[in-house]
Amino acid sequence: MKKIFSFLFLISLTGMAFSQIVIDSLYMPQPGQIIPRKSTGDPGSINYAATDSAYIWDFRTLVPLQQTGDTFVSVSSTNIVYLAVFANPFNKPFQATVASPQSMPAIPMVTINDPYYFYKSSNSEYSLLGMGAKINSIPMPVKYDNPDVWYHFPVTFGTTDSSHSKFNISIPNLGYYGQDKRRTNIVDGWGTLYLPTDTFDVIRIKSIVHTTDTLHSDSLGFGIKFNRTDIEYKWIAQEYSVPVLQVTESSGGMGPGSTSLVFIDHTVFPNAIAEISTENNINILPNPSDGHFTLNLSQPKSGASQIDVYNMNGQNVFSGQCFGNNKSEIDISGQPAGIYLLRMMSEGKLISKKLVIY
């Protein structure tokens, strides 16, 4: 009987170690987040297309070429002209929850400055609604007829969804520019991802995006079309509100094909320490919460343990100490909803945990 019980216990532990994470709207970008990442154009010999359930992706050999990142701001902080489209209370399906400054590729005969993407996170999906930019010095909001859906919630292994989005805009003293985009998302894997300085439980989404750009010149009396295809591989974790790893294959368009890769590096946080403990003897309840957390050590620690909590900008929002295995209260209820990183220095080891405020 003991052998049977032990066998069942081992099976249960295996299931816990290889269980899917849940990704929903709680883990999407929030205004005020700045998330540094590193990029490389050469994934080397890594087979990034490989996937399965309970899969292990090993990207520890990646060599970054440059620092990059994502910035998210409130919609109200953008040009007032965009607010009529993306902050209109009478058009809730296109009422954006966050905006993000962008860098845009060059388009012939068109000058684009200060571009922003506008996103909406709801209980059912996370979508790109459109963009706002100064086109030939004139601020113009550009809204898709239907949102470009990046994620359907909850993100679940084995599911497939699609969206079709397009827009056409008149460009002063030129003609018009249009875009037609067809996206198919396939949740094709989940498991463990190893990066040069981090390990994550992830779920993987493969997106195939076919885009047609149309540019017409009134003065010349003709237009041109560019067809391009992007295949995006995104590894999503609960720790960050953007993919912890993304590989994009691009082909067609106005240039040669290319492959780009960006990934998270935890060392962007202050006081980063190389040795990250994987101990699981810290209980934090409730998590998610309204900002009030109770931390309890299931095993005693000698002396005091230093506790710090950082937001996704790397700013310290809480500092305190925990003694032995006593309970400690963490109050960051004054902080906005989002994901935070708890770091506890104890007995020469750094233990990292995620906190979520809803």
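Predicted model: local features only at pLDDT ≥ 70, side-chain atom pairs only at ≥ 80, totals over all residues.
A residue counts as partly exposed when its relative accessible area falls between the buried limit of under 20% and the exposed limit of over 50%.

**Positive phi**

Ala54 has a phi near 50°, a positive value although the residue is not glycine. You will find Ala54 in the loop that links strand 1 (34–40) to strand 2 (55–58). Its relative accessible area is 32%, so Ala54 is partly exposed.

Asp114 also has a positive phi, near 50°, and again this is a residue other than glycine. Asp114 sits within strand 5, which covers residues 112–121. Because its relative accessible area is 47%, Asp114 is classed as partly exposed.

Now follow the chain to the loop between strand 15 (282–285) and strand 16 (292–297), where Pro286 lies. Pro288 is found in the loop between strand 15 and strand 16 too.

| Peptide bond | Form and omega |
|---|---|
| Leu285 to Pro286 | cis, omega near -15° |
| Asn287 to Pro288 | cis, omega near 15° |

When you have the structure open, which loop holds Pro288? Pro288 belongs to the loop between strand 15 and strand 16, and the bond from Asn287 to Pro288 is cis.

Notes: Residues numbered from 1 in each chain as written. Heavy atoms only, no water. Helix = DSSP H or I, 4+ residues; strand = E, 2+ residues; numbered from the N terminus. Buried < 20%, exposed > 50% of the residue type's maximum accessible area, 1.4 Å probe, protein only.
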